[in-house]
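The sequence and the structure come first.

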Amino acid sequence: MGRRRKVVRQPVCHGEERHAARGRSDVQPNGGIDHACGVVALECDDPGDTGFWARVATARQRVGAGFALAFFSSARFPPAAVASALTDSCPGLRHAACSTAGEITRNGICEGNLVVILFPTARFRIAAHRISDIRRAGMERIVSEVGDAKRCFVESAPAERSASRFALCLIDGLSFAEEAVSAALHWGLDDIPLLGGSAGDDMRFGTTTLILDGEPASDAAIVILVETQVPFHIFKTDNFVPTPHKLVVTRSEPDRRIVHEFNAAPAAQEYARVIGMDPQSLSPMSFASHPLVVRVGGEYYCRSVQKMNLDGSLSFFCAIDDGIVMTVAEPAGMTRTTRAAFDAVRERIGGIDFVLGFDCVLRRIDARNRQVTHRIAAIYRENNVIGFNTYGEQYLSMHLNQTFTGIAFGLGQSGRSGS
């Protein structure tokens, strides 16, 4: 069996430098960060910090926030306690939250934290909808629910205000349903671009939690519709390159995302042989350093391994099936490709205020393995990235792995969405 990562009991942040403020972003005395667009981000690394929620309530009143996003380590911040605290400290504040596999804060790439992001009503109009029972929901029901939610949102828009829209998705990262849900959401949203991340549980692979307005749930997705006059741009970046090595899925359980055989041989054994390792040495670092990709429409998309099972099979973060041809890839130049992606976004929107980011946990593991975590963390701090490490990423109609997806907010007063 693959070695299970030890649950983090103490907060860990990679990079000791404080937040490098850009534009008009300001670090407040209470530890929060005010961004130029009015968004405020606060973070907590101590579950016993009883004053944190008072600081959230104060910031909410100060900026006139109408919606909050929260990302949290469920190993250190119990979901029920987070749900109650959000509701009790900020009555009437709508909110959505999810458990994570790590957090991205002003200090860089962290584990064991809680992040709260407040969106001011003056600059952001936001509505949220939960889709329950996603394993059995079916595409027709999801398309219908999201279509209705979109219609209500669009029809309630103020006639005198011109603004652009996007949608965020938070989804149970252990549901085995992300591909179907992402496709259905894309269909139901039509012209509204979508991005998001799959909730994690600190690499325990037991239960992930999503919270909408004080109610925790699993086997669910939360769709958040946003309208704003703040310029924004949706983007993604990855850094894997294919090798000549191929693995054909010859026996699998698609419903459970388990591959039993590659090339008619035991899956873990064949994967290990191709990458030149002992099967007993396979670990999350192995899977991050040797990702598997599939080619779709001329592009490669990652299908990452989640873990090795006792019987030598491999569990995946993405959908698999018999007959799929996978290519072994190698991550290359993470620092270079990440910096290039952010530089291109900054040029496109004329300066970055902050970035809401969804970063695959395997990118974090690979960065650590290659000893470039401090460089990636520095790029995130320089560009005011706030977000979390995911079990998968959503981008338009696709569910991805080993990818960073994000939405960058610009420093101007108005703008259009991009992808």
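## Overall composition

Among contacts in the protein chain between residues at least 6 apart in sequence, 81% join residues at least 24 apart, where contact means heavy atoms within 4.5 Å. The model is a predicted one, in which local features need pLDDT of at least 70 and side-chain atom pairs count only at pLDDT 80 or more, while totals for chains, interfaces and linings use all residues. Residues are numbered from 1 along each chain as its sequence is written, and side-chain values use heavy atoms, with hydrogens and water left out.

The secondary structure of the chain comes to nine helices and 29 strands. Both are DSSP runs numbered from the N terminus: helices are H or I with at least four residues, strands are E with at least two. Of the 419 residues, 59% count as buried. Buried means under 20% relative accessible area, exposed over 50%, and partly exposed in between, computed with a 1.4 Å probe on protein chains only.

On the α7 side the contact uses M334, T335, T338, R339 and F342, and on the α9 side R375, I376, I379, Y380 and E382. These residues divide into five nonpolar, two polar and three charged. Here Ala, Val, Leu, Ile, Met, Phe, Trp, Tyr, Cys and Pro count as nonpolar, Asp, Glu, Lys and Arg as charged, and the others, Gly among them, as polar.

R363, R364, A367 and R368 of α8 touch T373, I376 and Y380 of α9. The residues of this contact divide into three nonpolar, one polar and three charged.

Two further helices concern burial. Helix α5 (residues 267–275) is mostly covered, with seven of its nine residues buried: A267, A268, E270, Y271, A272, V274 and I275. After α5 comes G276, with a positive phi near 75°. In helix α1 (residues 52–63) sits W53, which counts as buried at 16% relative accessibility. Leaving aside neighbours within four places in sequence, W53 is in contact with V82, A85, L86, S89, L114 and V116. The C-alpha atoms of W53 and V116, 63 residues apart along the chain, are separated by 9.7 Å.

## Aromatic pairs and cysteines

The structure holds 18 aromatic pairs. Rings of Phe, Tyr and Trp (its six-membered ring) pair if their centres lie within 6.5 Å; planes under 30 degrees apart count as stacked, over 60 as edge-to-face and the rest as tilted. One of the pairs is F124 with F409, edge-to-face at 5.8 Å centre to centre and 80° between the planes. F124 lies in strand β10 (residues 124–132) and F409 in strand β29 (residues 404–410), so the pair ties together parts that are 285 residues apart in sequence. F119, F124, F166, F232, F354 and F409 form one aromatic cluster.

There are zero disulfides, a disulfide being a pair of cysteine sulfur atoms within 2.5 Å. For C169 the nearest cysteine sulfur, that of C98, is 9.8 Å away.

| Residue | Relative accessible area | Class |
|---|---|---|
| C44 | 4% | buried |
| C169 | 0% | buried |
| F124 | 4% | buried |
| F409 | 0% | buried |
| Q229 | 28% | partly exposed |
| F176 | 38% | partly exposed |
| D190 | 56% | exposed |

Most residues other than glycine have a negative phi. F176, not a glycine, has a positive phi of about 60° and is placed in the loop between β11 (164–172) and α4 (178–189). D190 also has a positive phi, near 60°, and lies in the loop between α4 and β12 (194–199).

Q229 belongs to the loop between β15 (220–228) and β16 (232–237). Its C-alpha atom is separated by 8.8 Å from that of R165, 64 residues apart along the chain.
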